[in-house]
Amino acid sequence: MERYKIIKEVGNGTFGSVWRALHKQTGEVVAIKIMKRKYYSWEECINLREVKSLRKMKHSNIVKLKEVIRENDILYFVFEYMECNLYQLMKDRSKLFSESEVRNWCFQVFQGLEYMQQRGYFHRDLKPENLLVSKQTIKIADFGLAREINSSPPYTEYVSTRWYRAPEVLLQSPAYSSAVDMWAMGAIMAELLTLRPLFPGSSEADEIYKICSVIGSPTEIKWAEGLKLANAINYQFPKHGGVPLSSLIPCGSKDAINLITLLCSWDPCKRPTASEVLRHPFFQSCYYVPPSLRPKPTALRTPPAANRGSLEQKSVKRYSGDNLTTLKSSYALSSVKAHSNLNTGVQRKLEISQQDATKNIKTLKNPAVKQPRQRPSVGDSTPTIHTGKAHGPSATAEKLANMRIGPGKQPVKRTIPPPMRAGGLNGQPDLFLGRSQEVQAGRTYPKKVAG
Ligand SMILES: Nc1ncnc2c1ncn2[C@@H]1O[C@H](COP(=O)(O)OP(=O)(O)OP(=O)(O)O)[C@@H](O)[C@H]1O
């Protein structure tokens, strides 16, 4: 570590603090993540998801892991340095971003996600804090929870920050897919357009309530599987018709609203894949390189046979600044098939794998080291183990099951996100707080300064 000069702390997450540093010899500025727990052997380190997944990712929209150093049982990740995260860009703004700014960021993030999906990974904790920006470039960071699409469910440990958490995860589906990242991106895209979180639940139960009040409660037609999941944990959805997203995102174009609607579909199979999203009319003005002109990706991870066909067929890598052709509205909603394929691959291996949970070193060896944070990730995103049905109802299941929000058509409420640290404050459990406070339309959400 003596090769680096540590300059300033720039972030403090669940698992590590992140510092701006200087490579003494080259003068290069880097970000060094110092892990909070100790690592007594290299073996422990190289099994970390962050190492395993990031080592394989080489894409201009994925933050580059340059080096991993273990010294005196302390683990350091050396990353390329990025100026700030997306949440920091949003929090003090009163003027909305233009749609083209939002489009530009989202296009880049979806390219990173497409790359991940094609290599068989999904992120699982997308949120504005994990999208890092330097000038016009945005990159996906924090692969601590990334998972291989083909790894075996059930996925028992805690996943993703509440406001961006997909309904199937809230309802404890044991076999979710990369579609959880698409849900999160729908919520993030809406937030970028309005500077307000779309589903600012103050607890897991309130999160579902908020989702229902915006997109309407799921029906058999919209999401039969979801009704089964709810039934399995004895949960009843509140009855809501939802509201037109255009009323919540008045500045959004038709295409933007349509894309967010698709991304935030109840049914994960109905959410488009990243490749499909990149062909959506919302990105029509963005540049596209057809598959035949794309360079062969290096270090391509070969998916197991079960998924290979579907992944390869969908293999679309795109975009470079030059040699461009514009794609004209060739977007087709084949997402049902796409996510089904991924899901099937996952679900096929539905043997109970406790081994899978134990693989998560973060989860098991670093419980509740959560540092106080300001957004709902606090405490709530600590990957504590959900025991799941196999071990009796989890706390979430109980919370959800005990909750009955009275039916009846109510006007849609925009609600204040949890004051300061929502749910799970300082590691406290995520308690159901009842119906959230109303807030007048047009009022912006107070957000606290990021760490
Ligand atoms: N490469 C980087 N360049 C600049 N800042 C960074 C970089 N990586 C992380 N940060 C800052 O540090 C913060 C925390 O980083 P990160 O999300 O990797 O930590 P974590 O412990 O995994 O956090 P979480 O609580 O989200 O799991 C980020 O939100 C970001 O502001």
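How many bridges join E2 to E3, and in which sense do these strands run? Seven bridges join them, and the two strands run antiparallel. Welcome to a quick tour of this model, which is predicted. The protein has 16 helices and 14 strands, and buried residues make up 47% of its 451 residues.

**Around the ligand**

- The shell around the ligand holds 23 residues, and those that come nearest are Gly11, Gly13, Thr14, Ala31 and Asp142.
- Strand E1 (4-12), strand E2 (16-23), E3 and strand E5 (74-80) are the elements that each give two or more residues to this shell.
- By residue type, the shell divides into 10 nonpolar, nine polar and four charged residues.
- Why does the ligand lie between domain 1 (1-81) and domain 2 (82-289)? Both domains give residues to the shell, so the ligand is placed between them.

**Lysine 33**

- The UniProt annotation "binding site", from an unreviewed entry, covers Lys33.
- Lysine 33 has its place in strand E3, which spans residues 29-35.
- Is lysine 33 buried or exposed? Lysine 33 counts as buried because 24 C-beta neighbours lie inside 10 Å, and the cut-off for buried is 20 or more.
- Once neighbours within four places in sequence are left aside, the contacts of lysine 33 are Gly16, Val18, Tyr76, Phe77 and Phe79.

- E1 pairs with E2 in the antiparallel sense, over seven bridges.
- Within that pairing, glutamate 9 has tryptophan 19 in E2 as its bridge partner.
- Three residues make up the link in the hairpin that joins E1 to E2.
- Across from serine 17 stands isoleucine 34, a residue of E3.
- E2 and E3 also form a hairpin, with five residues between them. In its turn, glycine 27 has a positive phi of about 80°.

**The open sheet E6-E8-E9**

- Three strands form an open sheet, arranged in the order E6-E8-E9 with antiparallel pairing.
- Which strands stand at the edges of this sheet? They are strand E6 (84-85) and strand E9 (137-140); each has a single partner strand, so one side of each is left without a neighbour in the sheet.
- The link from E6 to strand E8 (residues 131-134) is made by two bridges, with the strands running antiparallel.
- Cysteine 84 stands opposite valine 133, which belongs to E8.

**Cysteine 286 and its partners**

- The loop between helix H11 (274-278) and strand E11 (287-288) is where cysteine 286 lies.
- Cysteine 286 counts as buried because it has 22 C-beta neighbours inside 10 Å.
- Not counting residues up to four places away in sequence, cysteine 286 touches Arg103 and Phe107.
- Along the chain, cysteine 286 and arginine 103 are 183 residues apart, yet their C-alpha atoms are separated by 8.4 Å.

**Contacts across the chain**

- Of the contacts in the protein between residues at least 6 apart in sequence, 74% join residues at least 24 apart.

Conventions:
Residues are numbered from 1 along each chain as its sequence is written. This is a predicted model: local features need pLDDT of at least 70, side-chain atom pairs count only at pLDDT 80 or more; totals for chains, interfaces and linings use all residues. UniProt positions are given in the numbering used here, feature names are shortened, and annotations may be inferred rather than shown by experiment. Helices (H or I, at least four residues) and strands (E, at least two) are DSSP runs, numbered from the N terminus. A residue is buried if 20 or more other C-beta atoms lie within 10 Å of its own, exposed if 12 or fewer, and partly exposed in between; C-beta atoms are placed from the backbone. Two residues are in contact if their C-beta atoms, placed from the backbone, lie within 7 Å. A residue is near a molecule or strand if its C-beta atom, placed from the backbone, lies within 6 Å of it. Ala, Val, Leu, Ile, Met, Phe, Trp, Tyr, Cys and Pro count as nonpolar, Asp, Glu, Lys and Arg as charged, and the others, Gly among them, as polar. Domain bounds come from an automatic or database domain assignment. Two strands pair if DSSP finds at least two bridges between them.
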